[in-house]
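Thanks, everyone, for making the time this morning.

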Amino acid sequence: MAHKGLPILELINLCKTYELKGHRAVDALKAVHLQLYPGECLGIVGESGSGKSTLARCVTHLERVTSGQIQYRQQDITRLNGKALRYQRKQIQMVFQEPSAIFNPRMKVGAFIREPLINYKVMKGQQAEQEVLRLLERVGMSAATADKYPHELSGGEQQRAVIARAIGVEPDIILFDEATSALDVSIQQQILDLLVELRKETGISSIFISHDLAVVQQISDRIAVMYQGEVVEVVESSQLTSSANHPYTRSLMASVLSVREMKHKMQERDEKLEQERDQEQELDEKQDQEQVEVFQESLSG
Amino acid sequence: MEPLLSVNHLSVTYKGNSLALRDLSFSMNKGEIIGIVGESGSGKSTLIRALLGLLPEGGQYTGGVISFQEKVLLRESQSDWGGVRGKRIAMVFQDSGSYLNPIRSIGSQYIEAICTHFTVAKKAAYTLAVNMLADMGLDDPERIMRSYPSQLSGGMKQRTAIAMAVTMEPELLLADEPTSSLDVTTQNEVMNRLSELRSRQGTGMIIVTHNIAVAAHMADRIGVMRDGTLVEMGDTFRVISDPQHEYTRKLLSAVPELEGNVYGS
């Protein structure tokens, strides 16, 4: 995908160091440079300890960066506080891995989705109620869900409700941190389909963080590969298999569990076995023929 | 050949609600790896817990027979897992690593576990434990024996727990999502180690997973579960190349695959 104009979000030389008393300092982010362009979905892939979640927490101001800059629409937002930070938080919404940990168990789903609408004074009262129903429908759930408690929903439905809440305030960017990792693969696919659909409709920019390279490739335009706090490679999703160079990216590609590949391997194995069997049979027939010939010769001789 | 495990008409219910397992039957041979695939609520976890007589609270057998080689484990609600559970049939969970005792070193609990099942000297148990940890692909097993669970990563704890489970050389290993909580590269490592274990010790395995790709990579046969029944069961290649049931097709299509020329040079 061609990059349209100026980035909506730019991370410049971002560093984050955790210093714990009596322990070595840990460099969770080492000089990370990344751009997110309007309407783009940027994928970030890496394993535990690669710094991908620290990155998410820095971008959403849940952590303060140690050094470097975060620019939002060419404005430095690295050290915002007070009202400005509050407004900024509305612009970058976040969806986490474990939906059940996000809900207040005593708050009905409708109230949960309405809360930010009221808090950010997007709308009030009756209008907000209507908006909740519209949002629920938007993420593929019935209006009746608004009256349910979180524990009455399945994991996939909970994640849909979280997404409804995130898109309600019409943010510029949504950041998904392992948003589908806790779900069954079949449910994961439904949520991914929903995200693709939402993006088509709203043109929203997003960052999609996951340990699963195949999932990241499916949903994003570009993929940043993180390893031990560094971005080791950024590739176009469509070019991943042909142009990824870094050995770590290659090892991530190799660890994608593919049914297609397995089928391919098993087919080859079966064909090989069949070939061997055919060859053996040919050999047997040839030997039989030779024996017959020898026998006939001995008769005539 | 006598099957390693056979399950006939097994039914389980929770607190008298609808059945979590419905009249389920299958059998497996020695050294065979079976993958049981299904979504949350399909009853797959209930199945392997039921096989070991470890139903969660409220779970109840309502019928069926489970036999393990010559021994009948369950018949008409009469159950007897004595001498089998933990030794001849072992189990690992998705978060087995978190079942380790946090205030004792790995070494002390590992050696205790070995001495519970075998009459061996502590020193021999230590050597055995170190070898098993190395077999699971863990570097510096001596250091791990000295460590406390909090000093190890999730992947290391999980591999330690799997090592502990297979130390008794069980004939059957029941594994509930054994690799789901691991990093992708570690996941492959653990799957390879489990396959090796089967080649080396002839351990039969039942691996329960929501990801049919995991089953495709490990299992000889795949069983697909839905609403407490096996809707399809067959040879792995047959199931993934020619699925008979609509639900199996759905599970197959949900597996995220890399796009592009994956098999090329």
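Predicted model: local features only at pLDDT ≥ 70, side-chain atom pairs only at ≥ 80, totals over all residues.

Residues are numbered from 1 along each chain as its sequence is written, and chains are lettered from A and ligands numbered from 1 in the order in which they are written. Helices (H or I, at least four residues) and strands (E, at least two) are DSSP runs, numbered from the N terminus, and two strands pair if DSSP finds at least two bridges between them.

Let me begin with the sheet in chain A. Four strands of chain A make up an open sheet with antiparallel pairing, in the order β2-β1-β4-β5. β2 (26-36) and β5 (75-76) of chain A are at its edges, each with a single partner strand, so one side of each has no neighbour in the sheet. Strand β1 (residues 9-18) of chain A runs antiparallel to β2(A) and is joined to it by seven bridges, and in this region Y18(A) has V26(A) as its bridge partner in β2(A). Across β1, β2 and β4 (67-72) of chain A lies helix α1 (residues 52-59), which runs at about 65° to β2(A); the axes here are lines fitted to C-alpha atoms, for helices over the stretch in contact, and angles run from 0 to 180 degrees between N-to-C directions.

On the scale of the whole chain, the domain assignment, whose bounds come from an automatic or database source, gives chain A a domain 1 (9-257) and a domain 2 (261-301). Taken over C-alpha atoms, the centres of these two domains of chain A are separated by 60 Å.

Two residues deserve a look for their backbone. Most residues other than glycine have a negative phi. E170(A), however, has a positive phi near 50°, and its place is the loop between α5 (155-168) and β7 (173-177) of chain A. Q228(A) likewise has a positive phi, near 50°, in the loop between β9 (222-227) and β10 (230-236) of chain A. For burial, a residue is buried if 20 or more other C-beta atoms, placed from the backbone, lie within 10 Å of its own, exposed if 12 or fewer, and partly exposed in between. E170(A) has 13 C-beta neighbours inside 10 Å and therefore counts as partly exposed, and Q228(A), with 14, also counts as partly exposed.

Turning to the two chains together, how many residues of chain B are in contact with chain A? There are 30 residues of chain B in contact with 31 residues of chain A, where contact means C-beta atoms, placed from the backbone, within 7 Å. On the side of chain B that touches chain A, α7(B) gives the most, with five residues.

Finally, in chain B, all five residues of strand β3 (residues 33-37) are buried, so this strand is largely enclosed by the rest of the structure. I33(B), G35(B) and V37(B) cover one side, and I34(B) and I36(B) the other. β3(B) pairs in the parallel sense with strand β9 (residues 204-209) of chain B over five bridges, and I34(B) has I206(B) as its bridge partner there. With strand β10 (residues 221-226) of chain B, β3(B) pairs in the parallel sense over four bridges, and G35(B) stands opposite I222(B).
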